[in-house]
Amino acid sequence: MSGTTWPTARPRTGSGPKATRKPPRRHRIAVLALPGVPPFELGIPSRVFGSVQDEEGRPLYDVTVCTADGAPVLSDAGFTVQPAAGPEALAAADTVIVPPTHAMPELSRGGPLPPEVTAAVAGIRPGTRLVSICTGSYVLAAAGLLDGRPATTHWNLAPEFRRVYPQVKVDEEVLFVDDGDVLTSAGVAAGVDLCLHMIRRDHGAAAANRAARMCVVPPWRDGGQAQYIDRPVPEPTVAGTTATRAWALEHLGEVLTLARLAEHARMSLRSFTRRFRDEVGMTPVQWLTAQRLELAKQLLETTDLSIDLVAHRAGFGSANSLRAHMRAAFGVSPAAYRRTFGPGSPADGRG
């Protein structure tokens with residue numbers, strides 16, 4: 001993964017004010033605008049990553065919108081996008097993001113990329129982090145960059161994508177897939193989720209939460225959460241589980257049995273379980289575990305609480321239970337996660 005470089009602080013020489021730490025180099029992001037790009041998806045990276053600052057108010061990302069040949073492109077909204085750069089931005093980037101395009105129908109039939117796009121993609125440096133939003137995955141797949149890798153795209157196009165690119169391991173049931181140096185997201189708002197996930201991965205939960213607040217969006221939706229696929233819309237007169245979910249988030253450290261959740265929602269166990277899955281796309285137990293893991297991560301990143309106390313406050317009961325869940329979900333122990341993202345770590349931005 002190509003991440004932000006955090007240089008070691010060195011004392012200043014000579015007389016003058018108190019020594020200050022050299023600011024980190026900004027992570028360079030190039031957003032490839034292709035003909036037929038939807039304006040909303042094109043603007044996601046600039047808006048989200050542009051909201052990220054360190055504790056001294058310095059931007060942590062440079063975001064550049066470019067095109068394959070440096071020429072303007074027509075968006076699918078009918079206006080022209082004037083890029084700030086051409087393919088040289090892709091070659092210099094630490095991360096390349098490809099929003100969708102609605103003007104390359106040949107990709108849905110397994111056709112080749114236009115020559116200028118092929119040349120531009122070929123100039124991306126090895127090790128650059130590659131990201132697609134929605135059907136931008138078609139561009140990465142057509143370039144052979146998703147071969148043998150897990151990926152996602154918009155659920156409605158997943159059968160077509162799987163047929164055209166059988167070498168890609170498509171999972172249309174998730175919001176986004178993080179495969180290290182290649183990340184793909186589902187449609188529209190899932191692109192926001194993926195960008196926030198990348199900020200969290202680069203700089204920790206506090207930075208991602210600050211960016212989410214600036215963008216007025218939820219700070220976290222798990223990538224494994226299901227896309228909203230062919231689920232019936234609840235009748236307005238039928239009670240939902242929203243209030244119970246909000247209540248549960250305030251009581252994660254307590255024992256939250258399915259019976260207690262159903263009682264709070266004033267539903268039978270069967271009705272609550274069915275309604276919950278319809279609204280959230282996962283079982284109450286799966287959702288509760290995901291929220292507790294997120295709380296545990298935040299506590300590990302932002303506090304010096306013992307692992308036992310983190311486990312207790314997050315509702316896992318014991319450090320052993322927290323370790324088992326974190327290893328299953330993230331492949332790391334709580335202690336290892338804290339060393340990477342906790343106070344004083346490189347990702348914290350203060351150590």
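The protein contains 14 helices and 10 strands, where helices (H or I, at least four residues) and strands (E, at least two) are DSSP runs numbered from the N terminus. The model is predicted, so local features need pLDDT of at least 70 and side-chain atom pairs count only at pLDDT 80 or more, while totals for chains, interfaces and linings use all residues. Residues are numbered from 1 along each chain as its sequence is written, and side-chain values use heavy atoms, with hydrogens and water left out.

Of the 351 residues, 49% count as buried, meaning under 20% relative accessible area with a 1.4 Å probe and protein chains only.

Setting aside residues up to four places away in sequence, Val48 touches Val192, Cys195, Leu196, Ile199, Ala211 and Cys215, contact being heavy atoms within 4.5 Å.

What of the cysteines? A search of the whole structure finds zero disulfides, a disulfide being a pair of cysteine sulfur atoms within 2.5 Å. For Cys195, the nearest cysteine sulfur belongs to Cys215, 9.2 Å away. Cys195 is buried because its relative accessible area is 2%, and Cys66 counts as buried at 0% relative accessibility.

How values were computed
Buried means under 20% relative accessible area, exposed over 50%, partly exposed in between (1.4 Å probe, protein chains only).
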